[in-house]
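Have the sequence and the 3D view ready, and follow along.

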Amino acid sequence: MATVQKWCKPFIPIRRSLFQRKIFTSKYVHSKTNFRFPTFCAVNKTQPPCENHVKDEDNCSNCSGKRKKEEEMWLYNTMSKERELFKPKLEGKVGMYVCGVTAYDLSHIGHARVYVAFDLLYRYLNYLGYEVNYVRNFTDVDDKIIARANELGEDPISLSRRYCEEFHLDMSSLNCLPPSVEPRVSDHMPQIIDMIKQILDNGCAYTIDGDVYFSVDKFPDYGRLSGRKLEDNRAGERVAVNSRKKNPADFALWKSAKKGEPFWQSPWGPGRPGWHIECSAMSAAYLGYSFDIHGGGMDLVFPHHENEIAQSCAACHESSVSYWIHNGFVTIDSEKMSKSLGNFFTIRQVIELYHPLALRLFLMGTHYRSPINYSDLQLESASDRIFYIYQTLHDCESITANYDEASLKDSIPSETETCINKFHDECLTSMSDDLHTTVALAAMSEPLKNLNDLLHTRKGKKQELRIESLAALGKTIGNILNILGLLPDSYSEALKQLSDYALKRAKLTENEVMQKIEERNVARKNKEYEKSDTIRKELAGVGIALMDSPEGTTWRPAIPLPLQEDQHLTPPTS
């Protein structure tokens, strides 16, 4: 058996700064108050920054490089099958590679779940003060792309480029931050060919008639990530069974050119790369052979990530990824959503009827490693919840906007301070525990309730330092929403959009709803209460809730009544 050489040939350099600038900057508000206020200070979120930091955050000698114990982060590592304390290879810096889409069609909500999950990780690592080099690739050379291009009579690279742009639009709508770099296979042929050469030189691959195959027998650790034994493996996905291979599990590093397919010149003749080699080559080009986090959907554990480990280690003995992170599937009736099964909804189809941030909230409502079942009820519930959050914060903002910060007093009531600290600590503790967004979202209930009490109840309106409490609670919740990627540009604009989506789902216009309200007002005036109730129920049935007050009747989006009733009738699952 050949021994992998203990040296790593340098890759063709990529001209790019390794680490991008930090996304979050310090926005310390109410610097004179004596309570703990959450900030976007890169190094200390549980206490106000020191005076030096407030004056010059970029050159703060007191804060720089310090990270408190309560900000330690734990991540579940697929390799060890355990939660592990996150320790980057370079202090203060994180290299993260996430496998991107194969760009031949519009992305579905299974893709949305992957990239929302890793956007959360990216945001939270930035919040903790790390400089994150986030690399997410595009596969623009692949059998599926070629097949689709042939169907449409289009150039494969052009088709893929078009769907890459569509993917960018989807990610922007979901409020996913752009990665540091997005390499494409077609732009990295020299790096891919160079890595294949290294694998061949190290005796871990072989050539047959212009094809290059990785020999899994030369890598004793094959199957370590997935837990599969070599004798149990079959030819991998996207690879046809080939009797020329030494082992059925051997996979293609380079495929010889076929008529009508795009190709590139190589030492083995014209051809194109296999599926797996691209990620090994591009991750090494931008992050080196040894980096911190490699992620993707759970379906990539085998064969893709298993094969990546094998070929990266074969190219360089020192290749190492510290944390392998994978998200769970989106399911429909307990079956994985996928294009190959034909049971998928594209992101575009969903956001045609639901606000993109409601979709994001739905995806975050289940822990990222658990399966999440897609349903109209779940999306309606997410829409209803996010409307409530934004309405509360909009009402708060409408009042606090009338007060200048300098006019606010330097303290808040102890119960408000306790609520803020409890909420902030619960959010950070849950997010630092393998991104438990469900706990962070649930923790938002108490400060939102307190806000509504201050806004609408007789007792709350009379509370001492009411405006200071409103400002502090509203800002704290907004900061957490920002970390979660749920903060809109404008609460009022988001509320209008959510209302428009509700009208669209109800197949009504604003004028038609107002006409119904007027009909109901007349019925109530005439004491036709049965007709009044019928109108209310009719609107509730399509997700339009009427709210009566001394000022008149208004409406807001709500979960349609039939879905609410179905929810109550459905027995709990074990």
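Are Phe362 and Tyr374 buried or exposed? Both of them are buried. Keep in mind as you read on that this is a predicted model.

## Phe362 and Tyr374

These two rings have their centres 6.3 Å apart, and their planes sit at 80°. Planes over 60 degrees apart count as edge-to-face, so that's what we call this pair.

Where do the two residues sit in the chain? Phe362 belongs to helix α9 (residues 356-364), while Tyr374 is in the loop between β13 (372-373) and α10 (376-400). They're 12 residues apart, and the pair links distant parts of the chain.

## Tyr115 and Phe167

Now hop over to another pair, one of the 13 aromatic pairs that the structure holds. The ring centres of Tyr115 and Phe167 are 5.4 Å apart and the planes are at 90°, so this pair is edge-to-face.

Tyr115 comes from helix α2 (residues 109-127) and Phe167 from helix α4 (residues 156-173), so their pairing ties together parts that lie 52 residues apart in sequence. Tyr115 is buried, and Phe167 is too.

## Arginines over rings

Arg228 lies over the face of Phe302, 3.9 Å from the ring centre. Arg369 lies over the face of Tyr76, at 4.1 Å from the centre of that ring.

Methods: Residues are numbered from 1 along each chain as its sequence is written. This is a predicted model: local features need pLDDT of at least 70, side-chain atom pairs count only at pLDDT 80 or more; totals for chains, interfaces and linings use all residues. Side-chain values use heavy atoms; hydrogens and water are left out. Rings of Phe, Tyr and Trp (its six-membered ring) pair if their centres lie within 6.5 Å; planes under 30 degrees apart count as stacked, over 60 as edge-to-face and the rest as tilted. Helices (H or I, at least four residues) and strands (E, at least two) are DSSP runs, numbered from the N terminus. Buried means under 20% relative accessible area, exposed over 50%, partly exposed in between (1.4 Å probe, protein chains only). A charge sits over a ring if NZ of Lys or CZ of Arg is within 6 Å of the ring centre and within 35 degrees of the ring normal.
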